[in-house]
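Dear colleague,

Please find below the structure that I am handing over to you. My notes on it follow.

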Amino acid sequence: MKHKIAVIGSHSALDVCRGAKEEGFKTLVVTQKGRSKTYSKYYKTQNGVGCVDECLELEKFSEILDVKVQKKLKSKNVIFIPHRSFEVYLNFDYDSIENLKFPIFGNKYMLRIEERGKRPNQYDLLEKANILYPKQFKDPKKIDRLCIVKVLEKERGFERAFFLVKSYKDFIKESKRRIKNKSFTKKQLGEAVIEEFVLGVQVNFNFFYSPISKRLELLGTDTRRQTNLEGITKTPASYQEEILKVVPIKYEEAGHIAVTVLESLLEDAFSAGERFVKASQELFPPGIIGPFALQAVVTPGPPKKEIVVIDVSPRVPGSPGIFATPYSGYLYGKSLSVGRRIAMEIKEAEMKNLLKRIIT
């Protein structure tokens with residue numbers, strides 16, 4: 001193997017590393033002081049066990065943007081796998097990310113579409129792809145149904161402080177309360193996304209698009225476990241109203257659960273995925289490469305169940321449990337993790353001298 005697979009030590013790094021090892025690659029994890037033991041001790045490769053061959057420890061993850069660090073990674077012949085924490089810990093500096101001196105697996109120019117306050121973003125892509133997404137309200141005075149307000153938190157600018165409202169009056173009341181308790185600022189509220197709250201079952205459709213085979217694959221489906229939402233919903237109904245008077249609902253991700261969907265939904269899911277791939281190629285050439293997720297709500301209709309996309313992940317999704325669903329197994333005869341499917345694509349590209357098709 002000519003290349004080494006590298007990743008930031010967070011999010012889905014172990015999934016990436018295990019998959020890389022299974023395909024014969026060496027692995028490198030970039031860690032930050034105080035957050036390295038998972039990779040440098042517990043999953044370090046020793047005597048044929050483990051999946052992390054090498055750690056590069058930095059004072060801060062953001063030092064990856066330093067020229068010396070970039071040169072060091074390039075000298076190690078890495079292909080870097082981006083995930084959400086990669087964007088977060090590099091302070092959403094997409095201009096610098098797009099100018100990194102080492103190769104990135106996938107289309108690094110699409111990472112910035114996750115930031116809803118900038119254009120073009122994921123909504124432009126969903127619109128171009130003719131994919132259903134919730135109705136949005138640019139003017140809170142026009143709120144006429146149950147809506148979810150997505151606003152960045154004050155302390156952690158990468159997390160969103162969701163709250164529900166059903167009218168403009170509700171919006172003002174809840175906004176004032178949350179600004180007062182410092183959940184977010186007035187400026188952050190002004191950049192919030194207000195959209196219809198879609199009732200249904202949440203399912204993340206985790207796809208992989210191969211530019212080499214020109215094939216779209218469904219690797220698996222999962223759903224999120226969120227705090228403190230789950231704790232509140234598991235409290236007896238008679239106490240929930242009292243709790244909500246003093247404890248705001250948080251939709252903060254704590255984990256994922258592997259799920260399956262009805263086979264009758266698969267054609268619609270693949271159709272949405274194919275339209276997404278085509279639209280991405282037109283808006284962000286060369287288009288999506290490798291893993292992406294359409295995070296959706298499956299509604300009851302009428303007249304039939306529909307897939308409404310509420311979020312897009314144009315990179316490695318955050319659920320290592322994806323391999324536990326049967327969809328990649330239906331295709332390959334064995335279940336594949338996202339990390340292994342990435343490694344398979346890199347391996348094939350190396351063998352066929354087609355790396356330029358899968359890196360940017």
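Which residues does Pro-120 touch, not counting residues up to four places away in sequence? They are Ile-113 and Phe-284, where contact means heavy atoms within 4.5 Å.

This is a predicted model, in which local features need pLDDT of at least 70 and side-chain atom pairs count only at pLDDT 80 or more, while totals for chains, interfaces and linings use all residues. Residues are numbered from 1 along each chain as its sequence is written, and side-chain values use heavy atoms, with hydrogens and water left out.

Pro-120 lies in the loop between helix H5 (94–97) and H6; helices (H or I, at least four residues) and strands (E, at least two) are DSSP runs, numbered from the N terminus. Because its relative accessibility is 42%, Pro-120 counts as partly exposed, a class between buried (under 20% relative accessible area) and exposed (over 50%), with a 1.4 Å probe and protein chains only.

The largest nonpolar core has 32 residues. Such a core is a set of buried Ala, Val, Leu, Ile, Met, Phe, Trp, Tyr and Cys residues joined through side-chain atoms within 4.5 Å. Among the members that touch the most others are Phe-276 and Leu-294. Helix H11 (266–283) is one of the elements that each supply at least two residues, and H11 gives the most, with six. A second, separate core of 27 residues includes Cys-17 and Val-338.

In helix H3 (residues 67–75), Val-69, Gln-70 and Leu-73 are buried. On the other side of H3, exposed residues include Lys-68 and Lys-71.

Yours sincerely
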